[in-house]
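Look over the sequence and the model below.

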Amino acid sequence: MVNIRPYATLSNPALDFRHEICNNSDVQKTNPYRIASVDRALVILSILGAGEAVSVTRAQKELGVAPSTAHRILSTLVGRGFAVQAKDRMYYAGPNLINPGRHHGRTPIRTLLRPTLEQLFRSIEETVHLAVLRYDSTITFVDGIEGKQHSRVALRIGQQLPALQSSGGKAISQMRHAGSPDDRVFISASDAYFDAPVKAISAAIGTYDSESYALTVTIPAERMTRDRQKRLAKELAWAVAAARRALTSKGY
């Protein structure tokens, strides 16, 4: 079993006031300029930044909101890289909270790869995601576009899967074992079950700033014929080449 390692406690003195931020929530609520949703996210970030784990139940109690609202806030933070969810279902500080200036002066990878993701979607008209491997154990979907067919796979932005149980994680593993990806494309397929049987096929892009990325296509299992899988593999190979060019041109 692969275990996830939470990030170390932040050494940011600004976050040492976590308890003061939470304890002053009543004062914050009287602030006429307060934006409730932003304030709630900042409370959670202050807890994560102090190196503490957060569950949905704890977030609900800290914020005084419904469990569904607490879950949406945490999922949003995961999708933006400010939090990660471990196998114990607890949330910890994510890379953008620990090292917020990493991409300063450069366009974020997620933004650079959005045009490639859109072109891939136009080519296949199925749900597509950009996935990143974190901690060598977890695949996180950080961007995506949902298919338009009546029968389709819903977006999973912010959702995490064990790397070795996902096609994206398997493709990245193949790439890493082979060494430098140069112009080769590593593709892997897998079965999944969300609300119904799903087939997934992914291609590894490469490792940039210590994080490995992959493009993933997910479709209902009944539409994944052998010919369809071959076509999707070709489209993914094209998309990977385009993604690598985009990243190289911007200094990654």
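Two strands pair if DSSP finds at least two bridges between them. Strands (E, at least two residues) and helices (H or I, at least four) are DSSP runs, numbered from the N terminus. This is a predicted model, in which local features need pLDDT of at least 70, side-chain atom pairs count only at pLDDT 80 or more, and totals for chains, interfaces and linings use all residues. Residues are numbered from 1 along each chain as its sequence is written, and side-chain values use heavy atoms, with hydrogens and water left out.

**Strands β7 and β8**
- β7 and β8 run antiparallel and are joined by 10 bridges.
- Ala-203 has Leu-215 in β8 as its bridge partner.
- Two residues lie between the strands of this hairpin, where Asp-209 takes a positive phi near 50 degrees.
- Nine of the 12 residues of β7 are buried (under 20% relative accessible area, with a 1.4 Å probe and protein chains only).

**The largest nonpolar core**
- A nonpolar core is a set of buried Ala, Val, Leu, Ile, Met, Phe, Trp, Tyr and Cys residues joined through side-chain atoms within 4.5 Å.
- The largest one has 29 residues, and Ile-205 and Leu-215 are among those that touch the most other members.
- Helix α10 (226-249) is one of the elements that supply at least two residues, and α10 gives the most, with seven.

**Helices α4 and α5**
- α4 (residues 56-63) and α5 (residues 67-79) pack at about 110 degrees, with axes 8 Å apart.
- α4 is therefore roughly perpendicular to α5 (angles of 65 to 115 degrees).
- The contact (heavy atoms within 4.5 Å) includes Leu-63 of α4 and Leu-74 of α5.

Terms used. Axes fitted to C-alpha atoms, helices over the stretch in contact; angles between N-to-C directions. Parallel < 35°, antiparallel > 145°, perpendicular 65-115°, else oblique. Buried < 20%, exposed > 50% of the residue type's maximum accessible area, 1.4 Å probe, protein only.
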